[in-house]
Amino acid sequence: MLGLKLPTDPRWVNIVEKNIEDILTDHAYCEQKAASTAISLIVSFPEYTELVQEMTELVNEEMSHFKMVHNKILERGWTLGRDRKDDYVIELLKFFPKGGSRTTQLVHRLLYAALIEARSCERFRLLSQELKDKKLANFYRKLMISEAGHFTMFLNFARQYGDREEVDKKWKQLLEYEASIMKNLGNKETIHG
């Protein structure tokens, strides 16, 4: 369903198990950044009413996820750590050329968001299946379902606002590119890296 070309190595979960605090901190910031992305789309493309309405809902949902992850951190007696650069996102952004029409910029941002949600969904599925902490595994199962919905929403908006054939071609290229960068990732205590 997600179309990812390179699945996460299941050994990534071993890194997670040894670094739960770091993963939860990184995850919290991922949720905050997802909310920021939705706000940015509203600010940049206010004329797309349906998009604005969906992004408004998404901001609320992502911030509720942030709160849920933050609560997991607090339950463990920790505090939210500092945000760190996201190598995955940095590399992913290199795929998209600068400039282009507003529609092209919108489609690129939607595809970028769709792919991040797809990879998050895939990682959350892995965590839900492999984590020894069953309470945390169940937490990630619930979030996995949400991420799948976000992935579909972003991809559908890209297809709605862009030329379907061009969007699907760009999506396939993006998936191939993402697989190439994933070969060098998956060895850190981060959600995407």
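Tutor: Happy to! First, a word on naming: helices (H or I, at least four residues) and strands (E, at least two) are DSSP runs, numbered from the N terminus. The model is predicted, so local features need pLDDT of at least 70 and side-chain atom pairs count only at pLDDT 80 or more, while totals for chains, interfaces and linings use all residues. Residues are numbered from 1 along each chain as its sequence is written, and side-chain values use heavy atoms, with hydrogens and water left out.

Student: Good. Where is proline 10 found?

Tutor: Proline 10 sits in the segment before α1 (12-18).

Student: Is proline 10 buried or exposed?

Tutor: Exposed: its relative accessible area is 51%. The cut-offs are under 20% for buried and over 50% for exposed, with partly exposed in between (1.4 Å probe, protein chains only). Proline 10 and arginine 123 are 113 residues apart in sequence, yet their C-alpha atoms are 9.4 Å apart in space.

Student: Let's switch to helix packing. At what angle do α2 and α3 cross?

Tutor: Roughly 165 degrees, and the axes of α2 and α3 (residues 49-75) come within 8 Å. Axes here are lines fitted to C-alpha atoms, for helices over the stretch in contact, and angles run from 0 to 180 degrees between N-to-C directions. That angle makes α2 roughly antiparallel to α3. For reference, under 35 degrees is roughly parallel, over 145 roughly antiparallel, 65 to 115 roughly perpendicular, and the rest oblique.

Student: And what is the handedness of the crossing where α2 passes α3?

Tutor: It's left-handed. That term applies if the near helix is turned anticlockwise from the far one by less than a right angle; clockwise is right-handed.

Student: Which residues of α2 and α3 meet?

Tutor: Contact means heavy atoms within 4.5 Å. On the α2 side the residues include Leu24, Ala28, Ala35 and Ile39, and on the α3 side they include Val52, Met55, Val59 and Phe66. By class, the contact of α2 with α3 has 16 nonpolar, 5 polar and 3 charged residues. Ala, Val, Leu, Ile, Met, Phe, Trp, Tyr, Cys and Pro count as nonpolar, Asp, Glu, Lys and Arg as charged, and the others, Gly among them, as polar.

Student: What about α2 and α5, how far apart are their axes?

Tutor: They are 12 Å apart, and α2 (residues 20-44) packs on α5 (residues 102-130) at about 160 degrees. These two helices are therefore roughly antiparallel to each other. Among the residues making the contact are His27, Glu31 and Leu41 of α2, with Arg102, Leu106 and Phe124 of α5. The contact of α2 with α5 has 5 nonpolar, 3 polar and 4 charged residues.

Student: How do α5 and α7 pack?

Tutor: Helix α7 (residues 164-182) packs against α5 at an angle of about 50 degrees, with the axes 11 Å apart. The pair is therefore oblique, and the crossing is right-handed.

Student: Last one: is cysteine 30 buried or exposed?

Tutor: Buried, at 14% relative accessibility. Cysteine 30 belongs to helix α2 and, leaving aside neighbours within four places in sequence, is in contact with Ile191 and His192.
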